[in-house]
Amino acid sequence: MIDAGDDRPRRCLELLGEAADAADTLGLSTVAARETGAVLSERLGFPAEAYVLALVGGTGVGKSSLLNALAGSTVSTASVRRPTTSEPVAWIPAADRASLEPLLAWLEVHDVREHSGDLGTVAILDLPDMDSVAATHRERVEAILPRVDAVAWVTDLEKYADAALHDGFLRAWAPRLERQAVIVNKVDRLADDGRERLRRDLAHDLERDVTRTVAEPIPVLMTSAAPEASVDLGELRAWLQDGAAAKAVVRARVAATVADRAASLGRAAGIDTTADATPFLDPAARGSAIDSVTREVLRAVDLDGLQRQAMAATRARARARGAGPMGRITSLLYRVSGRATRVADPTLFLRRWRDRASLTTAVETMRHALSRPVADAPAGLRPSLAAVVEPVELRRGLERAVDRSIATLDPLDAPTSGLWWLIGVLQTVTTLAIALAAAWV
């Protein structure tokens, strides 16, 4: 597993899931983000004694020749016939073969060769041509790219500015990778000053088109793997041997990919990831709208009526306990006739608020406050936001909110007093005395 004591990659994936959940509530598509999260989660489950580097390039740029030159023997078949490589070929450290086999099986790479490990903890894949006339070759490249940890983009003197590389792959994949380089092969045909001019030109193109979306500039490496010319792999070997730890490469790959996917969701939601987040509704306008809607909802609930109900319930309880025989008879008549329920039951009065009022004014107040933010929202968000501010949906939401608030209240029982029974006893004695006096007379 990736370092068990470092939970940062897992935390990155959790944050991506939270971002996808938030995007779901806005009606944005989260398929790509969730698929990416699933792939990265699988990748973290494999041993990381070596990281996986893919050689990606067009037809005839010399990927297989580069790999063979690095190995000093034939690892991947190179030929003048195009395309040559139809299935990925893996060149891996011999010492890490056992731990890499499950990972290679997940990558669906079955042609495996070994090296002594003098290039560091790196397993190199020679992929099919990305611009091959065989459509299945490009499909194979696109299927394996999400699963590798690093990429060397291989080109040559003829294809270094090719749109198939820049538009088809670099712009999309460079932001998701931390460890990557662009390799210009066959530079044995250029003088030293020509190499440097080419390096500067390509670095400028990368800065303009790609580097602004990645943390660090992508290095441009010059190589030559032609057997008939002087083989020059010094820059490539130095880049491979620069001590990049496998665990660090995998962690960086996860972090870069998560950041890119989260930024994509943010852009779809109209969030400028380079600036501080701002709410769709201005805080002052939001506060004003909440106050206005609250007033209308309270008017519909009728707090004045609730106060009258509470006072009537208090009088009813006092009458039953402290008004003597006549008060008890009156209370009994109120209960039997249903009058007590109609005018002296505050809990029932609250629960039946829908029978007395409408939330139309509150709904229109909310719609008015939200109409401009919806109109100014990014195009991708407008349908879902417009659906939320439909009168029917707003009414349902407000009604559910009022019902939940009422449901959380304790029963509104009328207060009582320990003196009421004494007053009731005195009222009863007085009534009996009056009755006896009347009978005596």
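**A helix and its surroundings**

A: Asp-21 is found in helix H1; helices (H or I, at least four residues) and strands (E, at least two) are DSSP runs, numbered from the N terminus. This is a predicted model, in which local features need pLDDT of at least 70, side-chain atom pairs count only at pLDDT 80 or more, and totals for chains, interfaces and linings use all residues. Residues are numbered from 1 along each chain as its sequence is written, and side-chain values use heavy atoms, leaving out hydrogens and water.

Asp-21 counts as partly exposed because its relative accessibility is 43%, where buried means under 20% relative accessible area, exposed over 50% and partly exposed in between (1.4 Å probe, protein chains only). Its C-alpha atom lies 9.7 Å from that of Arg-34, 13 residues away along the chain.

Helix H1 (residues 8-25) has helix H9 (residues 246-268) as a partner: their axes come within 9 Å and cross at roughly 10°. Axes are lines fitted to C-alpha atoms, for helices over the stretch in contact, and angles run from 0 to 180 degrees between N-to-C directions. The angle therefore makes H1 roughly parallel to H9, a label for angles under 35 degrees, with those over 145 roughly antiparallel, 65 to 115 roughly perpendicular and the rest oblique. The crossing is left-handed: the near helix is turned anticlockwise from the far one by less than a right angle, whereas clockwise would be right-handed. Contact means heavy atoms within 4.5 Å. On the H1 side it involves Arg-8, Pro-9, Cys-12, Leu-13, Leu-16, Ala-19, Ala-20 and Ala-23, and H9 contributes residues including Val-254, Ala-255, Val-258 and Leu-265.

Beyond this pair, the largest nonpolar core has 41 residues, among which Val-56, Leu-104, Leu-107, Leu-125, Leu-145 and Trp-153 touch the most other members. Such a core is a set of buried Ala, Val, Leu, Ile, Met, Phe, Trp, Tyr and Cys residues joined through side-chain atoms within 4.5 Å. Helix H4 (residues 97-107) gives the largest share of this core, 5 residues. A second, separate core of 32 residues includes Ala-23, Leu-306, Leu-359 and Leu-394.
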